[in-house]
Amino acid sequence: MKRTLGVCYYPEQWSEDMWASDAARMADLGLTWVRIGEFAWKRMEPVEGQYDWAWLDRAIDVLGQAGLKVVLGTPTATPPAWVVAKHPDMLAVDAQGNTRGYGSRRHYCFSHRGYLEECRRIVRAMAKRYGRNPHVAAWQTDNEYGCHDTVLSYSDAARSGFQDWLRRQFPAAQSACGNDGDIDALNAAWGNVFWSMDYDSFEQIGLPNLTVTECNPAHVHAFRRFSSDQVVAFNAAQVEILRAHTDAPIAHNYMGRVTEFDHFKVGADLDIASWDSYPLGFLEDRVGAPAASQAAYARQGDPDFQAFHHDLYRAVGKDGRWWIMEQQPGPVNWAPYNPSPLPGMVRLWTWEAFAHGAEAVCYFRWRQAPFAQEQMHAGLLRPDSVEAEAFGEAGEVMAELADAAEVSHVQAPVALMFDYDADWAWAVQPHGAGLSYFGLVFDWYRACRKLGLSVDILPPTARDFAGYALVLVPGMMHMPDDLKHALNNAEAEVILGPRSGARDADFNIPVPLPPAWPGSDVTVSRVQSLRPDTPIALDGGGAVTGYVEQIEGGGDVILRSVDGAPIAVRCGARVSYMAGWGDDTAHVHLIETVAADLPCQRMPEGLRRRDTGCEEFWFNYSSQDIEFEGETIPSAGVVRRAR
Ligand code: GAL
């Protein structure tokens, strides 16, 4: 399959006499894909039950006649005012109990049954009309589940949905209607004897907000699981309808560092995973890098954040199929600061996505809108239709694609497990300010990249590790026994991270104490979190910061503190346990020591490598040219070599 480019377009936002020339310019640029429709509900159905498809028919036709393939989005992220007027209680409620307002987007609660029915109706109508349209070559469900903090809702609909969900989690042994729950089982599992929290019935269970002090972590964690399942079900409802009317692949556009729902579970119902990559937009709030690094990469983006998500979504997509549905083309409007990318970065970001296996990269958006919320968001064209900077860079990539390899997937030497359930567990009980599972996993990923290693991200359900030299499993708070055994029997070196197996499935500390590793006596006897300004220095360099465990037992010590406390130890023939949150130096040292056979190569600051099997890529994220292996890699430049 060829690597392709595309763009996001909103025909409803422009006068119809511009469509044909827009389509011709897209085709001239060499674009394959044009994504449309995802916010146009009001134009499709101005009044309940009265559809207006004529304009969309014409738009699809104009784009298709120009040779473009349409990705058609379902418009359920933007229910029009009449839908909200009909279902006033469909709006989500935030943790403070405030109803979230109408007037932007994503103003719905995933648990509201009436809204779900409205979605089914509009999706069915679209699917019937366009499911066999020859120009509609792919579909997108909704837009960016979870964006603007929209997974967790504390509405009445969520409360009754949560109670039903809990009944199913704790089914009664003998239930007359098949729908009863065993409240005693729930009380026992959650430890509700503590503070007299035992419930008499499921109807008494509320949502875990507005409590006087901390709510039971088991309760909060269950609510997080429920909320994720609501997103999965919402998406599945649309997919089921679309599949009845189309054979085109179905995608959703995920985001960077949105972890409130399990993307692997949503992805299991879809054909293609895609994500919206805004490297400069994400730099300040999402990456969590120190201020100095934010300054150094202000116009390039973090050197690892995009790649992490490329690798994550390759794992989420069926058979590794993934796209960039929205690529930042210039300054955006929504981050704390919105600088211009360095010249060359749009090309670099595009190539980096291809290097990680993307089938398509679509730029957001075709033309900058002179109205409404995103007036200050660049596009490939300026509002006056003159080419903006990114237009030229997209053209450069287009020319380079002519002699480039096709989409390819090769197994990386390193696997890194990512578990959304663990992310919720850390969020429920971080134990120290700023500690997050995503942050921990990302730090381990960064260490691999600093060693020039390509990485595959694996879902928590992976049990086959054949072909990997190194498998990394940091911070997975609940580890089922079969996973422990699969890792213990793997041919690869395995490194477990802090808090591995620290909780059972119901959020209790297991006994024997964690990590309870098969065949090992390593025991976490005490845990502590650290102020950021009190790191513990390690022998041989580096430190642990934020979080560290006291461990007993185990075999050889791999890392120890300058005071002699073991920090990383062997706990199996090929398994090691890292008992703290290391800095980059510590992680790099750990990986180099444990996986001595891996072809590790320390990268100069800002340089990153990716190996696709048939090509080797070097990406220079720094603002300086870099001399490496006899080659000058320009700042914001890409070097691509066939292998
Ligand atoms: C994305 C969203 C787009 C647009 C874009 C602006 O999060 O999907 O619709 O708002 O951000 O950067």
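**Pockets, cavities and a barrel**

By class, the lining of the largest pocket holds 20 nonpolar, 13 polar and 12 charged residues. In this count Ala, Val, Leu, Ile, Met, Phe, Trp, Tyr, Cys and Pro are nonpolar, Asp, Glu, Lys and Arg are charged, and the others, Gly among them, are polar. You are looking at a predicted model, where local features need pLDDT of at least 70 and side-chain atom pairs count only at pLDDT 80 or more, while totals for chains, interfaces and linings use all residues. Residues are numbered from 1 along each chain as its sequence is written, and side-chain values use heavy atoms, with hydrogens and water left out.

Let us stay with that pocket for a moment. The largest pocket has a volume of about 1,300 Å³. Of the 45 residues lining the largest pocket, Phe39, Thr78, Ser104, Arg105 and Gln373 are the closest to its centre. A pocket here is an open set of points on a 1 Å grid over the protein atoms alone, with protein on both sides within 12 Å along at least five of seven lines; a cavity is a set of points where a 1.4 Å probe fits but cannot get out, and lining residues have an atom within 4 Å of a point. Grid points are joined across faces, edges and corners, and a volume is the space filled by probe spheres set on the points. Helix H2 (41-44) and helix H10 (279-283) each supply at least two residues of the lining of the largest pocket, and H2 gives the most, with three residues. Helices (H or I, at least four residues) and strands (E, at least two) are DSSP runs, numbered from the N terminus.

Now turn to the second largest pocket, with about 730 Å³ of space. Of its 32 lining residues, Gly288, Ala289, Pro290, Asp443 and Trp581 are the closest to its centre. Helix H16 (437-450) gives the most to this lining, with five residues. Strand E15 (543-552) and strand E19 (580-582) each supply at least two residues. By class, the lining of the second largest pocket has 11 nonpolar, nine polar and 12 charged residues.

The largest cavity holds about 50 Å³, and its lining divides into five nonpolar, four polar and no charged residues. Among the residues that line it are Cys109, Phe110, Val151 and Gln230, and helix H8 (residues 217-243) gives the most, with three residues. The second largest cavity holds about 30 Å³. Its lining includes Arg257, His309, Tyr313 and Phe438, and the largest share, three residues, comes from helix H12 (residues 305-316).

Finally, follow the strands. Eight of them close into a barrel in the order E1-E2-E3-E4-E5-E6-E7-E8, with parallel pairing. The twist averages 25° from one strand to the next. Two strands pair if DSSP finds at least two bridges between them. Strand E1 (residues 4-8) and strand E8 (residues 360-363) run parallel and are joined by four bridges, and Val7 stands opposite Tyr363 in E8. Helix H14 (residues 389-401) packs on the sheet, touching E1 and E8 (contact means heavy atoms within 4.5 Å), and its direction makes about 155° with that of E1. Helix H13 (residues 345-355) lies across E1, strand E7 (322-327) and E8, running at about 150° to E8. Axes are lines fitted to C-alpha atoms, for helices over the stretch in contact, and angles run from 0 to 180 degrees between N-to-C directions.
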